[in-house]
Amino acid sequence: MAFAKWGFIRQVARRRRALAPVLLLLVLTLGSFIFLAIADEVAEGEIKALDEQVLLALRNPLDASDPLGPPWLEEAALEITAIGGYPVIVLSLLVVAGLLLVIRRYGAAFYAVLSVGSGALVSYILKNHYERPRPDIVEHLDVIHTASFPSGHATVTTVAYLTLAALVVRFFPDWRIRLYVLAVAVFISFIVGVSRIYLGVHWPSDVAAGWALGAAWASFTWLCLSLHALYRGRRLADGAGKRLRESSVEAMEKP
């Protein structure tokens, strides 16, 4: 059994497909480090001054309740931030999972639900752990219900859209399509996070931590999926090779 495991590890190292797990592990490590670093700064209060400067820079110097820009920009921010809300995320997830079930991609459907659902749970647990108050130096332009750190919108949006991107890229071998899909996922996560800052309902550090946490969690679940696919491919290849050898032996033994 031990020899089989070491053989699997050597096979992973040799294949070009092993590059994906390595990159995912890198994102997981970097995202976790950034989140913990920001959390440490938040706990010590050393990042509060920078948070306040950024929030106030997006408001009218004479009226902190008035965000910079024309009225339509505020409306656009509200519509963009809704993309990262739980109703839209849950609805999108159900639609995608339903489609995967219809085409009998049960494993992919389970992966999507597990990745996004667990990411939302992790965000909720961390919010209750840190219990950081929402910004109080500007008027909130959107309804809020939970604590501030980390940003649930930034976290869950990043997890959800990177998870969906992971499912989509499996159907397209062209690296340009894969890069485009990933870029779209990152862009959506970015604009949703920025909208939370613009609306004054999150400190910038909340959003940055949410992005880092979301990327780390999505990479973790994606890494598990990639390693499972590699291991399953190795098992299938070994099984096919064994059957081929047995067939050859039987053919040679026949008179």
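1. A residue counts as buried when its relative accessible area is under 20%. Asp51 has a relative accessible area of 2% and is therefore buried. The structure discussed here is a predicted model.

2. A search of the whole structure gives four salt bridges. One of them pairs Arg132 with Asp51, with 2.9 Å between the closest N and O atoms. This pair links distant parts of the chain: Asp51 belongs to helix 3 (residues 48-57), while Arg132 sits in the loop between helix 6 (106-130) and helix 7 (152-169), 81 residues apart.

3. Is Arg132 buried or exposed? Its relative accessible area is 11%, which is under the 20% limit, so Arg132 is buried.

4. Arg132 also forms a salt bridge with Asp206, where the closest N and O atoms are 2.7 Å apart. Asp206 lies in helix 9 (residues 204-253) and Arg132 in the loop between helix 6 and helix 7, so this pair ties together parts that are 74 residues apart in sequence. Both Asp206 and Arg132 are buried.

5. Another salt bridge joins the side chains of Arg176 and Asp174, at 3.0 Å from N to O. Which residues make up the network formed by salt bridges that share partners? They are Asp51, Arg132 and Asp206.

6. Asp174, at 26%, falls between the 20% and 50% limits, so Asp174 counts as partly exposed.

Technical notes. Residues numbered from 1 in each chain as written. Predicted model: local features only at pLDDT ≥ 70, side-chain atom pairs only at ≥ 80, totals over all residues. Heavy atoms only, no water. Helix = DSSP H or I, 4+ residues; strand = E, 2+ residues; numbered from the N terminus. Buried < 20%, exposed > 50% of the residue type's maximum accessible area, 1.4 Å probe, protein only.
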